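Morning, everyone. Please have a look at it first.

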Amino acid sequence: MIMNITDISPWNLAAGYILFTIPLSIILWLHVPMFTQTIVSILRMTVQLLFVGFYLQVIFRLNNPWLNSAWLLVMIGVADISIIRGCGLKMMKFVLPLFVALIVGTSLPLLSFIGPVLKLPNLLEAQYVIPIGGMILGNCLRADIIGINNFYVSIRKAEKSYLNSLAQGARLREALRPFTGDAFQAALMPTVATMATIGLVALPGMMTGVILGGANPVTAIKYQIAIMIAIFSGTSITVFMAILLTVKNNFNAYGLLDHGIFKK
Amino acid sequence: MKPAPAIEINDLSVRFDGKTVIDTFSMCIEPGEKVIITGKSGSGKSTILRSILGFIIPYKGAIRIENELLTGKSVWKLRTCMAYVAQEPELGTGLAGDILSRPFSYRANLHLKGSFDNVPELMERLLLPNEILNKDIAALSGGEKQRIAIICAILLDRGIILLDEASSALDKAATLAILELLDSKKMLTVLSVSHDDKWLSFSDRIIELRGGSTGI
């Protein structure tokens, strides 16, 4: 069962924007102070997606492994900066370790997906590596913001309890373990909840995309299961590695947290 | 040969945000000595205890524990020579019994697991009912928490114990029970911050801090 996806003409898409008048009218009517912000977000969404659409067309046409990898690195770099900003932390001490965590956490499940699962001969095939990499990375971004923020803010809040562990003879790793566990749990909880309700509450994006692309729903489900495995392993690896790799920079030789890492 | 001092501080200066809190403070505490630090609020009493634990890095001066200089490298070993009880102990979350057993899961304390058998005796000596061990630590009163923290410190079997107003939430009977317990441990070095007269009469020596400067 192969169907062709119906394209949307630019005029029809422009007409679709009319729907925005409903939320914008409600915002104005309720005097919610987010009208300008919403307009800016709509414009950004349009420009960014148009840019990415044109850029991806070129990338897909060239399908050069080096170019594909470079684009993936750009995506990782943007995610890296967005995570640190989202956590309210200072850039310098996090940017490099988090970049490494994101590279490992994205590429490992991505290559497993494309290699052993899809059995594609070219591991860096643009059609697969970029959208699937983007999905893993998008989920890592959300999980890392929750995880890293939870870890450092919890230690700052419960610093007396943390110092008490050190006074009782805990090594740094031992004193940080409960905070690492809590941060890991908080970061992964949304994905665990998604896995438990997937297909019941909503059809996930990947599956919808594959079905819209004309594939059999059973094939779509197989893709969805594989991507959920990749997302869950990817987020686990990045959160765990991000905490592990950033600790070295942010605790001194005495095991004390550097409070200078927080923006406020 | 005379044994090395348990704690030796030379010309310790501590600054917070450019303000001097401790200025060229020195003291020497012999093994087994029971010493009390007194002084007005803000005179730096707690700062001295926290500096000894390596929770504050001094601006100047040196701290030696059992003759070993406190540095970023040695602090991890030296912390295992001491036990600490804060004025408002924050012991983590969970049941009081789990809080007591938690430090024994740390590698440095694995060999001390046997001392956990002394919990019932210590609970009785510090006038705490055993049922408290099954209660959430957050549900305990300030005085109960302080006694749980003291029991934990005693179970760790360190040579030095640092107490920061450790009986501030206790009544007379419970305070005396703690003093009796500490007094029975002749080899234990005690350095305590307190204003309580009962502690002052228990001590071998009193160090009075005057406005952060040397005042022994």
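One definition before we start: a residue is called buried if 20 or more other C-beta atoms lie within 10 Å of its own, with C-beta atoms placed from the backbone. Keep that in mind for helix H6 of chain B. And remember throughout that this is a predicted model.

So, which residues of H6(B) are buried? They are B:Thr175, B:Ala177, B:Ile178 and B:Leu179. These buried residues pack against H4, H5 and helix H7 (197–202) of chain B. Now the length of H6(B). It has 13 residues, and at 1.5 Å a residue they should span 18 Å.

Chain B has an open sheet of 4 strands, in the order E2-E1-E4-E5, with antiparallel pairing. Which strands sit at the edges? Strand E2 (19–29) and strand E5 (68–69) of chain B do, and each pairs on one side only. Look at the E5(B) end. Strand E4, residues 60–65 of chain B, pairs with E5(B) in the antiparallel sense over 2 bridges. One bridge joins B:Ile65 to B:Glu68 in E5(B).

Now two loop residues. B:Leu127 is not a glycine, yet its phi is positive, about 60°. Where is it? B:Leu127 lies in the loop between helix H4 (119–125) and helix H5 (142–155) of chain B. Buried or exposed? B:Leu127 counts as partly exposed, because it has 16 C-beta neighbours inside 10 Å, and buried would take 20 or more.

B:Glu165 also has a positive phi without being a glycine; the value is near 50°. Its loop runs between strand E7 (160–164) and helix H6 (172–184) of chain B. With 19 other C-beta atoms within 10 Å, B:Glu165 is partly exposed.

On to the partner chain. How many residues of chain B are in contact with chain A? 22 are, and they meet 16 residues of chain A. On the chain B side, 13 are nonpolar, 5 polar and 4 charged.

Last, confidence. The model scores ipTM 0.92 and pTM 0.84. Chain B averages a pLDDT of 89, and 97% of the residues score at least 70. Within chain B, confidence is lowest in H7(B), at a mean of 82. Confidence is highest in helix H2, residues 75–78 of chain B, at 95.

That's the tour. Thank you.

Key. Residues numbered from 1 in each chain as written. Chains lettered and ligands numbered in written order. Predicted model: local features only at pLDDT ≥ 70, side-chain atom pairs only at ≥ 80, totals over all residues. Buried ≥ 20, exposed ≤ 12 C-beta atoms within 10 Å, placed from the backbone. Pairing = 2+ DSSP bridges. Expected span 1.5 Å × (residues − 1). Contact = placed C-beta atoms within 7 Å. Nonpolar A, V, L, I, M, F, W, Y, C, P; charged D, E, K, R; others polar. pLDDT = per-residue confidence, 0-100.
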